[in-house]
Amino acid sequence: MTTPNFDFTGKNVMVFGGTSGINLGIAKGFAAAGARLGVASRSQDKVDAAVAALGNDAGPALGFSLDVRDAQAVVDAVASFASERGTIDVLVSGAAGNFPAAAAALSPNGFKAVVDIDLMGTFHVMRAAYGALTKPGASIINLSAPQAWIAMPMQMHVCAAKAGVDMVTRTLALEWGREGVRVNSVSPGPIEGTEGMERLAPTPEAKERSAKAVPLGRMGTVEDIADVCLFLASDAARYVNGAVIPVDGGWSAGGMLSTAMGG
Ligand code: COA
Ligand code: NAP
């Protein structure tokens with residue numbers, strides 16, 4: 001038996017959507033574990049702030065201002081990162097958009113915006129990074145959500161997009177697993193202090209209801225998600241491929257029943 005090793009010194013990690021919230025937390029987790037980071041998102045200010053926060057003894061982080069809906073921009077960012085750093089050992093795809101909207105009132109462009117960012121964006125990231133992945137050995141982590149398999153009112157667009165992300169994960173696990181690339185998703189529950197929760201539970205009362213709905217009795221933290229990503233990217237998860245791992249304190253075990261039991 002060997003003790004699991006979560007040291008990523010010298011490993012190259014690229015996080016799409018890695019400039020705020022959960023994804024920035026994931027990037028920070030890898031930076032603290034010694035990895036060399038690259039992050040990408042739309043806002044140049046957020047990219048600059050993330051780059052400033054993610055440098056470590058292994059070197060400065062690299063930042064890219066782009067929209068994951070722009071396939072060529074994603075290709076260019078991956079090429080730039082790979083030419084500076086070498087192959088990508090860990091790839092995280094987490095850019096996403098969410099807003100609550102009743103299906104009957106959702107415009108085609110509203111549905112499309114979320115599907116384009118979450119699902120097409122994940123495809124663009126996977127497609128662009130494929131040639132630059134460390135083979136064998138790379139680990140890919142996509143950000144899913146319970147909406148991928150638990151239907152939720154006001155979230156049809158997100159349910160559709162994240163269900164697609166899960167099937168991208170599982171399909172690539174079949175195809176790229178053959179080349180020694182593992183592809184998995186994490187599915188966070190309600191994570192405190194994030195944009196996603198701010199949009200879905202904007203009031204203190206709604207936040208309290210969300211926390212009570214979780215069997216473990218609290219919202220998650222970005223560190224709860226980052227730690228599972230470190231595990232997934234490590235050799236301790238060497239036989240984990242094609243998994244969608246809920247990191248939600250048990251909420252999705254019951255879904256809306258968990259919410260009902262929370263009172
Ligand atoms: N309810 C209904 N429709 C909405 C909406 C809302 N709250 N917010 C946006 N839309 C619609 C817009 O009306 C537009 O459709 P239209 O052209 O028919 O009017 C469409 O969505 C696109 O909106 P736009 O603001 O042009 O999109 P964008 O590309 O600038 O931004 C979003 C994308 C809408 C997803 C935006 O919320 C975003 O950038 N989110 C990223 C951050 C985030 O969501 N974090 C949480 C992750 S879980
Ligand atoms: P967040 O802070 O808004 O993070 C989204 C990130 O993606 C930001 O860095 C944002 O930066 C970037 N982004 C958004 N649209 C983009 C685009 N079109 N192109 C490139 N980058 C884009 O949200 P979060 O709540 O932490 O969510 C992070 C991930 O976790 C998402 O995949 C979400 O679906 C998932 N998740 C969250 C929760 C939760 O409780 N928060 C629960 C389940 C799943 P820019 O604005 O600079 O582009």
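This is a short talk on the overall build of one predicted protein model and on a few places inside it.

Residues are numbered from 1 along each chain as its sequence is written, while chains are lettered from A and ligands numbered from 1 in the order in which they are written. Since the model is predicted, local features need pLDDT of at least 70 and side-chain atom pairs count only at pLDDT 80 or more, whereas totals for chains, interfaces and linings use all residues, and side-chain values use heavy atoms, with hydrogens and water left out.

Let's begin with the whole chain. How many helices and strands does the protein chain have? There are 10 helices and 7 strands; helices (H or I, at least four residues) and strands (E, at least two) are DSSP runs, numbered from the N terminus.

Next, the overall dimensions. Along the principal axes, the C-alpha atoms fill a box of roughly 50 × 45 × 35 Å. The radius of gyration of the protein chain is 18 Å, which agrees with the value near 18 Å for a compact globule with 263 residues. That radius is taken over C-alpha atoms, and the globule rule is 2.2 Å times the number of residues to the power 0.38.

Of the 263 residues, 51% are buried, where buried means under 20% relative accessible area, exposed over 50%, and partly exposed in between (1.4 Å probe, protein chains only). Now for contacts, meaning heavy atoms within 4.5 Å. Among contacts with a separation of 6 or more, 73% are between residues 24 or more positions apart.

Now let's zoom in. Where does Gln155 lie? You'll find Gln155 in the loop between strand S5 (139-143) and helix H5 (156-177). Gln155 is buried, with a relative accessible area of 2%. Leaving out residues up to four places away in sequence, Gln155 touches Asn98, Phe99, Pro100, Ala101, Gln147 and Leu200.

For a residue within a helix, look at Thr122, in helix H4 (residues 108-129). Thr122 is buried as well, at a relative accessible area of 4%.

My last stop is helix H7 (residues 204-213), where Ala206, Ser210, Ala211 and Ala213 are buried. Why do these residues line one face of the helix? Seen down the axis of H7, they fall within an arc of 160°, so they line one face; the arc is that of the directions from the helix axis to the C-beta atoms. Their cover includes helix H6 (195-200), helix H9 (251-254) and helix H10 (256-261).
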